Amino acid sequence: MIILMVILFSVTVRAVPSLSAAAKQAAWICPIISLIFTIPIIYIFSSIYKVYKEESFTEVIEEILGKITGKVIAVLYIIQLTLLVVVNTRYIAAGPLTSMFPNAKLSLFSFVILLTVAITIRKGIVVIARMSEVINKISITIILIIAVFSIKNIKIERITPISHLDFLSLIKANIILLGIWSHFLYLFFFSEYINNKEKLKKVCTKTMINITILTMIAIVITIGVLGSSIVELSPNSYILAVKQVSIFGAIERIESAIISLLLFADYMIISILFLTILNLIKLLFKFDFTKSLINIYVLIIFFLVQIISRNQFEMGVFVDKIVIPINVFLGYVLPIVVFIVGKLRKKI
Amino acid sequence: MTIFYFAVIISISIYEVYRMIKKNLRKELGLFLFFVLIALVLSWSYSKNPYGISIADSILSAFGIEH
């Protein structure tokens, strides 16, 4: 769950402009609504893992929906996860291009990111989890310090008024956040590595509440300092908002701490998604060893990153209209379907 | 650039195939060769038309979504 907290930070910060465009000044309420939708999913997984203690989620799907349906769904997850790796790598590689090195090539940055991922994921999920434990404490401390010192820059009129008229726009913005929080499901493809599954409900609920609070803080700071109309037009709005912060009027430029955290979180999300793909392939084809596939898969991802879209605008529409809805379906709707079918067939 | 990409893919393939045969990973070899084929096709498409291809454009157009 610590892995989830680390990886969601970067993706959420990147999504704040979309949330602001959809829900304007009310966007900071979205995490609470998303939490209401996520809690039932946690209960579903808790029920599933009371019965299937040692299996991963793909094996559970095969058991409940049948072998062929299970394998087809596993292939769908592999395709969607590959798309997520490509999209995330493209966003990360395009960041320095748009801000600092406009004359550089996208292929150079994507090559560096993917090479780092290819070298480190050979160590496995346990090493990544241990790294997350260390980074999580540091990142939460930095986020909270920035939040405290941003309070004086936040203008209440920028995050209010909230009324019943914002309801529809909140639902629209909520879909974006649910599409991001669907990464929660992907960690259950490693459930054969998760111990103490009897504490799943408590740990997951606590994690999602923490994520809700941190997401609300990030959105309140961004919209409260800059205003929703600036935020929806600016791709790096959270960093812009943090730039306004100064600690006791003496320490400034602390956005560099956030940029370092975001870089690490970006690397983590690509690594975790990659490991999830390899684990899915291993379970789908009953392989013993998947490390040999890392290099060639990284090459495939590299070429896909170059040809996924021509520019950031096209990328943005593609993510909003295609990737996010598929994420919501695979992350929220499908587990509910699996649970209902499992209950009907008396397998859960 | 096509020849460079092909050279990289083939060198990685030779190295990995050698390792897989040594470890007797026959099942993994089949999927690996499939991925090599995909990588070769993608590298050829990308090097022939680096700025023309867009997967996002194709999918959005297929669904009739304005972009």
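Residues are numbered from 1 along each chain as its sequence is written, while chains are lettered from A and ligands numbered from 1 in the order in which they are written. Because the model is predicted, local features need pLDDT of at least 70, side-chain atom pairs count only at pLDDT 80 or more, and totals for chains, interfaces and linings use all residues.

Start with chain A. It holds 15 helices and 0 strands. Helices here are DSSP runs of H or I with at least four residues, strands are runs of E with at least two, and both are numbered from the N terminus. The C-alpha trace of chain A spans about 60 × 45 × 35 Å along its principal axes. Its radius of gyration is 20 Å, which agrees with the value near 20 Å for a compact globule of 348 residues. That radius is taken over C-alpha atoms, and the globule rule is 2.2 Å times the number of residues to the power 0.38.

How confident is the predictor in chain A? The mean pLDDT is 84, and 95% of the residues of chain A reach 70 or more. The pLDDT is the predictor's confidence in each residue, from 0 to 100.

Now look inside. Of the 348 residues in chain A, 45% are buried. A residue is buried if 20 or more other C-beta atoms lie within 10 Å of its own, exposed if 12 or fewer, and partly exposed in between, with C-beta atoms placed from the backbone. Two residues are in contact if their C-beta atoms, placed from the backbone, lie within 7 Å.

The largest nonpolar core has 115 residues. Such a core is a set of buried Ala, Val, Leu, Ile, Met, Phe, Trp, Tyr and Cys residues joined through C-beta atoms within 7 Å. L19(A) and I301(A) touch the most other members. Leaving out residues up to four places away in sequence, L19(A) touches A27(A), C30(A), A173(A), I176(A), L177(A) and I219(A).

Helix α13 (residues 255-285) of chain A gives this core its largest share, 16 residues. The 31 residues of α13(A) should span 45 Å at 1.5 Å a residue, and the end C-alpha atoms are 45 Å apart, which agrees. The expected span is 1.5 Å times one less than the number of residues.

Helix α8 (residues 167-181) of chain A passes the same kind of check: its 15 residues should span 21 Å, and its end C-alpha atoms are 20 Å apart, which agrees. Several residues of α8(A) are buried, including A173(A), I176(A) and L177(A). W181(A) also lies in this helix. Why does W181(A) count as buried? W181(A) has 28 C-beta neighbours inside 10 Å. Not counting residues up to four places away in sequence, W181(A) touches L8(A), S34(A) and T38(A). G331(A) is 150 residues from W181(A) in sequence, yet their C-alpha atoms are 8.2 Å apart.

Two loop residues stand out by phi. Most residues other than glycine have a negative phi. K24(A) has a positive phi, near 50 degrees, and lies in the loop between α1 and α2 (30-51) of chain A. K286(A), which follows α13(A), has a positive phi near 55 degrees. K286(A) counts as exposed, with 7 C-beta neighbours inside 10 Å.

Turn to chain B. Its pattern along the sequence is α-α-α. Chain B has a radius of gyration of 16 Å, whereas a compact globule of 67 residues would have one near 11 Å. Its C-alpha atoms fill a box of roughly 50 × 25 × 10 Å along the principal axes. Of its 67 residues, 16% count as buried.

S47(B) is found in helix α2 (residues 26-48) of chain B. S47(B) is partly exposed, with 16 other C-beta atoms within 10 Å. S47(B) and T2(B) are 45 residues apart in sequence, but 5.6 Å apart in space, C-alpha to C-alpha.

Finally, the two chains meet. In all, 23 residues of chain A are in contact with 30 residues of chain B. On the side of chain A that touches chain B, α14 (294-307) and α15 (312-344) each supply at least two residues. The largest share, 9 residues, comes from α14(A).
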